[in-house]
Amino acid sequence: MGKLYLIQLDGRIYSCRSCHSHLANFDELVSKAFHCRNGKAYLFNTVVNVSVGPQENRMMTTGLHTVADIYCNCCWRIVGWKYEAAFEKSQKYKEGKFILERAKMLDGDGSDFFLDAPAAGSDADEV
């Protein structure tokens with residue numbers, strides 16, 4: 001097996017809580033108003049050092065979406081999901097974007113996030 005190659009980001013970054021691999025740059029953050037099974041989640045335009053799993057349809061609070069779990073390339077833990085397709089016209093803006101679960105990442109300075117109230121009007125996995 002070859003050597004693991006991970007992309008190192010500059011500036012303020014979000015990293016995997018488990019292994020500290022870089023996942024996303026603060027500049028790629030679209031919204032903090034999302035929710036998942038484990039609490040809050042963030043929507044990003046792009047992420048790095050992840051692999052995309054198989055696609056499946058999931059019923060979310062905002063309707064049916066085709067999504068694929070994303071795994072950290074270093075520790076192989078699920079850190080969120082990728083929106084592949086949205087069936088509701090109002091949700092099409094999510095297609096091709098990524099969710100990182102707040103409980104599974106660290107802020108750019110390495111600090112843990114504080115738990116706070118769930119975001120209203122956001123996606124939650126209802127399966």
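This section describes the salt bridges of a predicted model.

Across the whole structure, five salt bridges were identified. One of them joins the side chains of aspartate 107 and arginine 12, with an N to O distance of 2.9 Å. Aspartate 107 is classed as buried because its relative accessibility is 13%, under the 20% limit, whereas arginine 12, at 39%, is classed as partly exposed.

A salt bridge is also formed between arginine 58 and aspartate 69, whose closest N and O atoms are separated by 2.6 Å. Here strand S5 (residues 50-60), which contains arginine 58, is linked to strand S6 (residues 63-72), which contains aspartate 69; the two residues are eleven residues apart. Both arginine 58 and aspartate 69 are buried. The pair is part of a network of salt bridges in which Glu56, Arg58 and Asp69 are linked.

A further salt bridge involves glutamate 101 and lysine 104, with 3.5 Å between the closest N and O atoms. Glutamate 101 has a relative accessibility of 7% and therefore counts as buried. Lysine 104, by contrast, reaches 26% and so counts as partly exposed.

Definitions and conventions: Residues are numbered from 1 along each chain as its sequence is written. This is a predicted model: local features need pLDDT of at least 70, side-chain atom pairs count only at pLDDT 80 or more; totals for chains, interfaces and linings use all residues. Side-chain values use heavy atoms; hydrogens and water are left out. A salt bridge is a side-chain nitrogen of Lys or Arg within 4 Å of a carboxyl oxygen of Asp or Glu. Buried means under 20% relative accessible area, exposed over 50%, partly exposed in between (1.4 Å probe, protein chains only). Helices (H or I, at least four residues) and strands (E, at least two) are DSSP runs, numbered from the N terminus.
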